[in-house]
Amino acid sequence: MVARHVRRQVLLGCFLAALPLAALAAQQPDRLTAEDYARAERFLAQHTVPLMMGVAGSPNWLPDGRFWYRTTTADGAEFVMVDPARRSRAAAFDHEHLARALREATGAEIEAERLPFTTFELSEDGGEMTFMAAGRFWSCDLTAYTCRAVDPGDAPGPRHAPPPASVTSPDGRYAAFIRDFNLWVRDLTTSEDRALTTDGMEDFGYATNNAGWTRSPMPLLAWCPDSRRIATFQQDARGIGHMYLVTTNVGTPRLQEWRYPLPEDSVVFRIHRVVIDVEPARVVRFQMPPDLQRSTIYDHIAVGNRLVDVEWYPDGSHVAFVSSSRDSREVAFRVADASTGEVRTLFTETSPTQFQSGFVAIRRENWRVLPASNAVLWWSQRDNWGHLYLYDLGTGELQRQITSGSWNVTDVRHIDEQDGTVYFMGVGREEGRHPYYQHFYRVGMDGRDLTLLTPEDANHSVTLSPDRQYFVSMYSTPTTPPVNVLRSMGGQEILALERADASRLLATGWQPPTPITVKARDGETDIYGLMFRPTQLEPGRRYPIVNYIYPGPWGSSVGSWHFSPAHSDHQALAELGFVVVAINGMGTELRSKEFLDFYYGNMGDNTIPDQIAGMRQLAREHAFIDIERAGIWGHSGGGFATASAMFRHPDFFKVGVSQAGNHDNRNYVDSWSERFQGLLRPVNSGDSYEVQANQLVAHNLEGKLLLAHGAMDDNVSPYNTYLVVDALIKANKDFDLIVFPHARHGFGVDNNYMMRRRWDYFVRHLMGAEPPEGYRIGER
């Protein structure tokens, strides 16, 4: 009897003790509805961005020193004109009158705050504006407020249209373009086309824009300031392997092939540097061996369509440029005589890992040639931080280090040689401020008088006036909307322009992400990120955590530290019942050189130990995080990192979605792989790249993994994912796979489908609930 009574008490106590757990389990949904998904979808950018008011576009400067910009309003947008000299801000024109004039001219319904254009050109006297709308050019008189359609030839700009893929000269007379592997120009005053070169051929063409992972018909070249000459190159692709993709269609598939160098190749792209005189046409070849196609700022010799690491002297007499070794460890600063092709090497620099002349997040090299000062401004991380150095242009001798300290110069914006002043963006200098917030500074070329020009404790972007008398500063944080102010180049505030209003956004229940600071794997280094929580956080409920990752080394998980109404789909995913985090781990930019190079030579690291350490710390600090249900996803490098996390840390990550991953960098382009993994070399019975190859550790998979790739991905080929698929099959592992037959690297029109499948995957396998069947994002 006593024993039975005791047993009943024990069972009752166990039942009471289990109540909180049972109640907690009851709070976990077993099914999500279409309405749950629709609510989450309302946190995507297409729904949140239009709710912001007072968000200013970029300033458009006019010859008279004024500028205009477009800003958002409650009902659409308006155009604002600013006169810095008068410290005035007003409507750029009468929006109601212009809307009425356009209604009369077009017969269409046009509202004053929804004008059918986003940019325009003003006549010299400011009395007439020209713009394109509905496929036609329009001219409107801003005094009488009448509008008329005009022929393209009557619109501002050249008389004749340039070819589609061309680069116009500074004086507007010529447009340079590629035809049959040679460089041509079109005279925009006469429409005459003329060949500048004649010996170009397939795989040895002029101004060729092909890096393997990206290619374009746009020529890569730099016009000299007076439009008389062009600096470019003849690209030698002979002997380099091809990449192949095959279309999916009814009937015979079509083969796409192009040159795509890999780390295994004995030869990679070479560029024979030249200067070309336009009138008359003459090719001047640089008196040096061909350079390897490398740059100091990117994994191409172009950023967008801008040829990098090439700069003309203002008088067009010489060209300064930088040559890089194949592994990007050694660079040489050189100057070529544009008339003779004679080349001088002024100085070299070597890095034990890889050299860069700035940050790819900024995408602008930070060196400048200064003939008037007989100097070269140089940027280097030789003391573990990105700083400015001054070299003698005549001798190549180092004169002085201009900036120093445990912080980085990120972007040289202007050099006033007469005043001896450098204006630049920088991070990490201001004590007690976020290390990723950018500020604007000036410093003397003698290293003195370093001055902060943007005092606000926020992340800044600045646009300088053409006469360098003013700059527009936009500042914000991840939690505070942007503010725009006009300042003098001395930093004095001239005029408040815009203060963005998020009230309509907040009224929907939207919330900004939470900035987080956690410790890296070493338990000492601070790393930073953003955390996204459900806006309706239920007391007592524990949420699975999803890590969004882009591991670097160039780029990062967080991306911009400015305010944004939507960071990818992070908040939307959180609304489904997850905590989402993005953490910049060790091995990413904008910190020290040591931080950036943390996993140099072992790209398989992917910052994953830092992600795990940070997520565990967050779970200790926030009871609503269920660290036992951890997921991860990413695209491109993030797809590589996701699969790596699932294979190398199967005890921690339970669910992963890996999109378009470069799973083995032996299968990715040379310029990226060799910069961060080093040159391919034998190691024991294998090679130096095996340490990073995902397919070699795929047999460790324990959780649920969804792989996705575009079959027409011409950046990261789908064969990267197929290597992993093959290894998983051989290891008898279950996994899921989506192949988009027509998609390139970004998935394009298939993005919404991928997003829905990603949501479904985390809901089903990490949350343990059933998603709604066949939900379509973008159709509600």
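Select residues 77-83 and 88-91. These are strands β3 and β4, joined by 4 bridges and running antiparallel. Strands here, like helices, are DSSP runs numbered from the N terminus (E, at least two residues, for strands; H or I, at least four, for helices). Two strands pair if DSSP finds at least two bridges between them. Show V80, which stands opposite A91 in β4. Then go to the turn: β3 and β4 make a hairpin with 4 residues between them, and R87 there has a positive phi of about 55°.

A note on the model: it is predicted, so local features need pLDDT of at least 70 and side-chain atom pairs count only at pLDDT 80 or more, while totals for chains, interfaces and linings use all residues. Residues are numbered from 1 along each chain as its sequence is written, and side-chain values use heavy atoms, with hydrogens and water left out.

**The β5-β8 sheet**

Next, select β5 through β8. The 4 strands form an open sheet in the order β5-β6-β7-β8, with antiparallel pairing. Its edge strands are β5 (121-122) and β8 (146-150), each pairing on one side only. Now pick β7 (residues 136-141), which pairs with β8 over 5 bridges in the antiparallel sense. Here D141 stands opposite T146 in β8.

Move to 459-464 and 470-476. Strands β37 and β38 pair there, antiparallel, over 6 bridges. S461 has M474 of β38 as its bridge partner. The hairpin has 5 residues between its strands, and R468 in the turn shows a positive phi of about 60°.

Keep β37 selected. It gives 4 residues to the lining of the largest pocket, the largest share. Center on V360, A361, I362, R363 and G555, which lie nearest the pocket's centre among its 37 lining residues. Besides β37, β33 (408-416) also gives two or more residues to the lining. The pocket holds about 920 Å³ of space. Its lining has 15 nonpolar, 16 polar and 6 charged residues. Nonpolar covers Ala, Val, Leu, Ile, Met, Phe, Trp, Tyr, Cys and Pro; charged covers Asp, Glu, Lys and Arg; the others, Gly among them, are polar.

On a 1 Å grid over the protein atoms alone, a pocket is an open set with protein on both sides within 12 Å along at least five of seven lines; a cavity is a set of points where a 1.4 Å probe fits but cannot get out; lining residues have an atom within 4 Å of a point. Grid points are joined across faces, edges and corners, and a volume is the space filled by probe spheres set on the points.

**Cavities**

The whole structure has 6 cavities of 30 Å³ or more. Select T232, F233, R273, L307 and V310: of the 13 residues lining the largest cavity, these lie nearest its centre. Elements giving two or more residues to this lining are β17 (229-236), β20 (270-277) and β26 (318-324). The space is about 90 Å³. By class, the lining has 11 nonpolar, 1 polar and 1 charged residues.

For the second largest cavity, about 60 Å³, select lining residues including A211, P261, H300 and V669.

**Zoom out**

Show the whole chain: 12 helices and 50 strands. Its C-alpha atoms fill a box of roughly 110 × 70 × 65 Å along the principal axes.
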